[in-house]
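Dear colleague,

Please find the structure below, followed by a short account of what was found in it.

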Amino acid sequence: MNLKNIFQIYTLFVCLICTVILIVTAALFLNSVTNLIIPQYKHYSSLIQYESNENYMRHVEHSYGINKERLAALKQLSATQLDETRASDKRAYLEEQKGYAIEMMIRTLEWALIALIFFFIHWRLYKRSKG
């Protein structure tokens with residue numbers, strides 16, 4: 001095997017790696033888009049904790065077991081106040097998930113851009129080495 005063939009194998013291998021990275025980032029980007037557009041369905045199982053005051057208090061007891069003051073303050077609220085707090089926490093949770101989705105979209109776009117640059121550079125190097 002001569003040096004030209006080794007160089008061609010190297011450039012094609014880099015193109016293959018870049019293609020795999022592009023496929024993975026496309027899947028991650030699509031996942032982030034669905035998190036951003038329909039978080040209430042994407043995180044449906046997590047949102048069950050906000051469906052009723054009982055579910056919410058059960059969740060708070062497990063989440064804030066160490067923070068006794070927060071738990072005691074919630075137990076002293078009236079049903080209406082607890083509904084408002086629960087709704088507020090649900091909105092905050094959904095906004096947090098949307099924020100994570102935007103963050104992940106930016107990261108995947110960065111990776112995709114770098115992979116595209118490396119792909120095109122190595123593809124051009126491969127084409128030149130053939131001729």
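Is cysteine 18 buried or exposed? Cysteine 18 is buried, at a relative accessible area of 5%, where buried means under 20% relative accessible area, exposed over 50% and partly exposed in between (1.4 Å probe, protein chains only).

This is a predicted model, in which local features need pLDDT of at least 70, side-chain atom pairs count only at pLDDT 80 or more, and totals for chains, interfaces and linings use all residues. Residues are numbered from 1 along each chain as its sequence is written, and side-chain values use heavy atoms, with hydrogens and water left out.

Cysteine 15 is buried as well, with a relative accessible area of 5%. The search of the whole structure finds 0 disulfides (pairs of cysteine sulfur atoms within 2.5 Å). The sulfur of cysteine 18 has its closest cysteine sulfur in cysteine 15, 6.4 Å away, which is too far for a bond.

Leaving aside residues up to four places away in sequence, leucine 94 touches Pro39, Gln40 and Leu47, contact being heavy atoms within 4.5 Å.

Yours sincerely
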